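Here is a guided walk through one model. Keep the 3D view open and follow the elements in turn.

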Amino acid sequence: MNPNAIVQAEQVTKIYDEGAVPVQALRGVSLTIEPGEFTVIAGPSGSGKTTLLNLLGALDVPTEGRVFFEGQDLSTLSRRERARLRLYKIGFVFQAYNLIPVLTALENVEFVLLLQGVPERERRSRALEVLEQLGIGELAHKRPHEMSGGQQQRVAVARAVVSRPRLVLADEPTANLDSATGARLLDLMEQLNREQGVTFVFSSHDPQVIERGRRLLWLHDGQIEREEQR
Ligand SMILES: Nc1ncnc2c1ncn2[C@@H]1O[C@H](COP(=O)(O)OP(=O)(O)OP(=O)(O)O)[C@@H](O)[C@H]1O
């Protein structure tokens with residue numbers, strides 16, 4: 001086991017067995033994510049990227065193999081304990097933004113801190129601070145339907161990093177954005193990585209995301225086919 005690892009997958013296999021025919025989405029994948037990485041899991045549609053991200057993020061459990069988060073074997077945790085680990089340790093950015101529609105940008109960002117039991121005044125000031133840091137302070141009182149896709153995704157990034165998680169997982173974060181907006185979003189995440197050491201793992205087949213990765217893991221048919229370091 002690598003003592004520096006944030007998350008480590010060992011020979012993970014995932015079989016979806018709910019349908020008529022079982023689907024083997026991952027076949028013996030091993031990888032380690034260390035602090036400070038800016039890593040892209042790349043590969044064609046159906047290669048297993050989202051499945052792998054879900055395992056690294058404690059959203060799902062492997063059929064075989066193990067995932068360790070800060071050395072802790074996730075298979076030993078209950079659903080509730082995994083939810084707690086996600087709340088405190090992991091930030092998520094999804095392709096569909098997933099902001100709560102009735103809440104303002106500020107309230108969406110604050111929500112994570114509310115769940116963590118942070119007192120109201122501190123919650124508010126930390127959420128505002130992050131929005132301002134990310135250059136979107138003026139969006140604080142807007143609701144999702146009053147924002148563009150790019151603005152909503154910036155708010156989603158603010159929400160993902162507000163509690164300073166150990167790891168941020170971003171599943172196809174630029175999928176619904178035009179390339180200029182996607183580039184600005186990636187600039188923002190690079191800045192968080194460089195200046196605050198936020199660790200990012202992306203899944204994407206978008207060339208724009210792939211070219212920014214400092215480490216690239218190519219998935220094909222549920223296996224890591226090759227790895228590149230830049
Ligand atoms: N909940 C599920 N039930 C059954 N099969 C699933 C489920 N989720 C994913 N799969 C299958 O597992 C395989 C890998 O899917 P996954 O979504 O991980 O790939 P992906 O590389 O992220 O693809 P995309 O880029 O299209 O999102 C695919 O064959 C997919 O159809």
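How many bridges join strand S4 (residues 64-69) to S5? The model is predicted, so local features need pLDDT of at least 70, side-chain atom pairs count only at pLDDT 80 or more, and totals for chains, interfaces and linings use all residues. Residues are numbered from 1 along each chain as its sequence is written.

The answer is 2 bridges, and S4 and S5 run antiparallel. Helices (H or I, at least four residues) and strands (E, at least two) are DSSP runs, numbered from the N terminus. Two strands pair if DSSP finds at least two bridges between them. Phe-69 has Gln-72 in S5 as its bridge partner.

Now widen the view. S4 and S5 belong to an open sheet of 4 strands, ordered S2-S1-S4-S5, with antiparallel pairing. S2 and strand S5 (72-73) stand at the edges with a single partner strand each, so one side of each has no neighbour in the sheet. Strands of a sheet pair through backbone hydrogen bonds, either parallel or antiparallel. S1 and S2 run antiparallel and are joined by 8 bridges. A hairpin of 6 residues links S1 to S2. Tyr-16 stands opposite Val-23 in S2.

H1 lies across strand S1 (7-16), S2 and S4. Its direction runs at about 125° to S1. Contact here is between residues whose C-beta atoms, placed from the backbone, lie within 7 Å. Axes are lines fitted to C-alpha atoms, for helices over the stretch in contact, and angles run from 0 to 180 degrees between N-to-C directions.

Next, the ligand. Of the 14 residues around the ligand, Tyr-16, Ala-25, Ser-45, Thr-50 and Thr-51 come nearest. A residue is near a molecule or strand if its C-beta atom, placed from the backbone, lies within 6 Å of it. Strand S2 (23-33) and helix H1 (49-56) each supply at least two residues of this shell. H1 gives the most, with 3 residues. By class, the shell holds 3 nonpolar, 9 polar and 2 charged residues. Ala, Val, Leu, Ile, Met, Phe, Trp, Tyr, Cys and Pro count as nonpolar, Asp, Glu, Lys and Arg as charged, and the others, Gly among them, as polar.

Turn to the other sheet. Here 6 strands form an open sheet in the order S6-S7-S8-S3-S9-S10, with mixed pairing. Strand S6 (90-93) and strand S10 (223-229) are at the edges, each with a single partner strand, so one side of each is left without a neighbour in the sheet. From one strand to the next, the twist averages 20°. Strand S9 (residues 215-220) and S10 run antiparallel, joined by 6 bridges. His-220 has Gln-223 in S10 as its bridge partner. Helix H5 (residues 149-161) packs on the sheet, touching S6 and strand S7 (167-171). The direction of H5 makes about 170° with that of S6.

Finally, the helix pairs. The axes of H3 and H5 come within 8 Å and cross at roughly 25°. That makes H3 roughly parallel to H5, a class for angles under 35 degrees; over 145 is roughly antiparallel, 65 to 115 roughly perpendicular and the rest oblique. Ala-105, Asn-108, Val-109 and Val-112 of H3 meet Val-155, Ala-158 and Arg-159 of H5. This contact has 5 nonpolar, 1 polar and 1 charged residue.

Helix H3 (residues 105-115) also packs against helix H4 (residues 120-133), at an angle of about 125° with axes 9 Å apart. H3 is therefore oblique to H4. Their contact comprises 9 nonpolar, no polar and 4 charged residues.

Methods. Two residues are in contact if their C-beta atoms, placed from the backbone, lie within 7 Å.
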